[in-house]
Amino acid sequence: MKVEFYGHVRQYHNIKAEIDRNIQTVLESGQYVMGPMLKKFEAELAAYHGLQFAVGTGNGTDSIWLALMGLGIGPGDEVITHPNTFFATAEAIWIAGATAVFVDCCPKTKCIDPEKIEAAITPKTKAIIPVHLYGQCADMPAIKKIADRHKLKIIEDNAQGIGARGAGFKIGELSDATSTSFIIQKNLGTFGDSGALVTNNAQLEATVRKLRNHGSNARNVHSFGFNSRLDDLHAGILSAKLKHIDEYNDQRRKWSARYTAGLSGCKNIELPVELPGYHHVFHLYVVETRKSEWRDPMVDFLVKNNIDAKTHYSIAIHQQAGYPWGKGARIAGSVANAEANAARCVSLPMFPELTADEVDYVIAKVKEWDAQHGGK
Ligand SMILES: Cc1ncc(COP(=O)(O)O)c(C=O)c1O
């Protein structure tokens, strides 16, 4: 048996008629950029979040720096995040011209540890970017309390957790804006690049809407801006997929529960934790080897057994070669939990269209590694 890491083509085949119909609609409309399909999808996405506005962008990285820029955050300002996220979270801070300040993650969830944030705040701090890493919400109520106390903005990096919920809170409810990525492999992914910003802040929405389109919201009328738009073809694909997102997330949760039940006896790995009352949507199912030197051998063993295991993200941002490339960056306190996460993470195949046989094969091979190789 071979188990792939992604199931994009299976997903396409399952809802081919719906996707093809939307693509056809766009092609026949003659409006491919800033057309009616984009408008429709933006309205659907805002409604899905229970928020007023959604602005489609070229990708999830742009959404973050457009939000920072739209909130007036840039050179001379500091933005707090954690270093065991995908590189783009920090990259967006640097593109906006601000300084990235890294604090540690929570050892359980791997999301930013709210207890580490306050000590990192200086008079220059302007915002916090929590990441809903792997598909589980960061502790937004605790982050919001700190932000309110220090008058900081919050931008949620929700590239990985569309449809996730916290205990008593929703994504977008406790922040100024939420950024999403729709790159292929995300829970809501198109067949290419795109992203969006969702918010209740009308001024931010209007600013980002202009910034993403050459500083223009009327033909021939411009101010400084960029080209970062979500094309109508992608909007059509995403509109078709958004109708299925809750069902896809439920499938991911089902496979996660099966992995967790099957692997609970393993002695040499730690399994992902879902906090009580949280609705984790398992963009990724990430286990950690108990020792960092076991990570690569475990991945190699699974790959040799035709299981496409990967690592997310095996080099913490501040440990990348050349860091910080002349950009503003500061590490606030120990980031030992984030470094341990990077050194020990192994992602098992996770997508809604997996089959029970595939999940059981992965479980069997992880157990085999655990019994024969782990710990040695
Ligand atoms: C946590 C996180 N932030 C930001 C991004 C950037 O999104 P994009 O690749 O659409 O620019 C991604 C994914 O790629 C991500 O996983």
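Angles between axes under 35 degrees count as roughly parallel, over 145 as roughly antiparallel, 65 to 115 as roughly perpendicular, and the rest as oblique. The model is predicted: local features need pLDDT of at least 70, side-chain atom pairs count only at pLDDT 80 or more, and totals for chains, interfaces and linings use all residues. Residues are numbered from 1 along each chain as its sequence is written, and side-chain values use heavy atoms, with hydrogens and water left out.

Helices here are DSSP runs (H or I, at least four residues), as are strands (E, at least two), numbered from the N terminus. The axes, lines fitted to C-alpha atoms over the stretch in contact, with angles from 0 to 180 degrees between N-to-C directions, come within 8 Å for α2 (residues 16-29) and α9 (residues 232-242) and cross at roughly 150 degrees. Helices α2 and α9 are therefore roughly antiparallel to each other.

Let me turn to salt bridges, defined as a side-chain nitrogen of Lys or Arg within 4 Å of a carboxyl oxygen of Asp or Glu. The count by this rule is 21. In Arg 209 and Glu 205, the N to O distance is 2.7 Å; the two residues are four apart in helix α8 (residues 202-211), about one helical turn.

Arg 290 bridges to Glu 270, with closest N and O atoms 3.1 Å apart. This pair links distant parts of the chain, 20 residues apart. Shared partners join Lys 110, Glu 270, Glu 288, Arg 290 and Arg 344 into one network.
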